[in-house]
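Dear colleague,

Please find below the structure that I am handing over to you. My notes on what was found in it follow directly after.

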Amino acid sequence: MFMERLDKILASQGVGSRKEAGLLIRRGLVEVNGAAVSRPEEKADPERDAISVAGKPLRFQRHLYLMMNKPAGVVSASRDSREKTVVDLVPEALFRRDLFPAGRLDRDTTGLLILTDDGDFAHRMLSPKKHVYKLYEATVDGPVGTSEIEKFEAGVVLEDGTVCLPAKLTAAGGGSSFKALVEIREGKYHQVKKMFLAVGRRVLCLKRVRIGSLELDKTLKEGECRELTKEELALIFQGENRRFCEKKNSNGQI
Ligand code: URA
């Protein structure tokens, strides 16, 4: 049994700030197991006790996991004094104070972004050691052929000398623009753009479409988000131990 202060429980579920939750409790609007409580410091076990606010049962979830289709023009941050952030796009019904983006997409990058208030989960998803691959669709300014593919597979050396882990590059059609798919498991700053630059190509457009085995929900419009199901969450870590390139780069890393 894990007892927590009621105002803290309510605030953690997005009911309001601690202060606002405290006011609701003092006004007699909060019940625990059918009995009204009056003091914000009273404790309950949120996993077991039936808590209701203004007659509505509280569906307690320790953590929240959202999938967003990030649009261009917003920054991957919780708050920013000047720019609109991905957390600013979360509708009130899904909002929690501690939400943050698990990993960053550049301002101009679109696509799959996970928002959560679970730090351990984000760490597990982002650590290169955990082998969670991220798949990007890139439009670049020139053709992608065997030479670029082999360089990505060997571990691209960035302009500043940083050696990247092996990555899978696939040409994905031409026409008037050159498209490619890139799969990486690191998250260095501007990584995909820098990798292409290192092989003489410039990224014109970038979209993340998959994390692990979780694909971006194609019905989500840019800027929209929704809760992930348990099954979808598990998909992120499915294939965690898959290694498309067993070759070691010059750092001796796989
Ligand atoms: N790599 C980039 O260069 N930008 C992103 O937003 C994500 C990966």
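In what follows, a helix is a DSSP run of H or I with at least four residues, numbered from the N terminus. Please bear in mind that this is a predicted model.

**The ligand and its surroundings**

Helix α5, residues 191–198, supplies the largest share of the shell around the ligand, namely 3 residues. The complete shell consists of Leu105, Asp106, Thr109, Tyr136, His190, Gln191, Val192, Lys193 and Leu206. Sorted by class, these are 4 nonpolar, 3 polar and 2 charged residues.

For aspartate 106, a backbone N or O atom lies 2.7 Å from a ligand oxygen. A polar backbone atom of lysine 193 is 3.0 Å from an oxygen atom of the ligand, and for glutamine 191 the distance from a backbone N or O atom to a ligand oxygen is 3.4 Å. The ligand taken alone exposes 240 Å², of which the protein buries 95%.

**Helix α5**

Within α5, the residues Gln191, Val192, Lys193, Met195 and Phe196 are buried. The packing partners of the buried residues of this helix are β10 (134–140), α4 (146–154), β11 (168–171), β12 (178–184) and β13 (203–211). After α5 comes glycine 200, which has a positive phi near 85 degrees.

**Aspartate 117**

Aspartate 117 sits in the loop between β9 (110–116) and α3 (119–126). Why does aspartate 117 count as buried? Its relative accessibility is 14%, and the cut-off for buried is under 20%. The side chain of aspartate 117 makes a polar contact of 2.9 Å with the side chain of arginine 96, and another of 3.2 Å with that of histidine 63. Leaving aside residues up to four places away in sequence, aspartate 117 touches Arg62, His63, Leu64, Arg96, Asp98, Leu99 and Phe100.

**Aromatic pairs**

The whole structure contains 3 aromatic pairs. One of them is formed by tyrosine 65 and phenylalanine 121, edge-to-face, with 5.0 Å centre to centre and 70 degrees between the planes. Because tyrosine 65 lies in strand β7 (residues 65–70) and phenylalanine 121 in helix α3, this pair ties together parts that are 56 residues apart in sequence. Both residues, tyrosine 65 and phenylalanine 121, are buried.

Phenylalanine 121 also forms an edge-to-face pair with phenylalanine 237, at 5.7 Å centre to centre and 85 degrees between the planes. Here the link runs from helix α3 to the segment after α6 (230–236), 116 residues apart. Phenylalanine 237 is buried as well. Through these ring pairs, Tyr65, Phe121 and Phe237 are linked into a cluster.

With kind regards

How values were computed: Residues numbered from 1 in each chain as written. Predicted model: local features only at pLDDT ≥ 70, side-chain atom pairs only at ≥ 80, totals over all residues. Heavy atoms only, no water. Near = heavy atom within 4 Å. Polar contact = N/O pair within 3.5 Å; in protein donor to acceptor, adjacent residues only side chain to side chain. Areas by Shrake-Rupley, 256 points an atom, 1.4 Å probe, with all protein chains shown as cover. Helix = DSSP H or I, 4+ residues; strand = E, 2+ residues; numbered from the N terminus. Nonpolar A, V, L, I, M, F, W, Y, C, P; charged D, E, K, R; others polar. Buried < 20%, exposed > 50% of the residue type's maximum accessible area, 1.4 Å probe, protein only. Contact = heavy atoms within 4.5 Å. Phe/Tyr/Trp six-rings, centres within 6.5 Å; stacked < 30°, edge-to-face > 60°.
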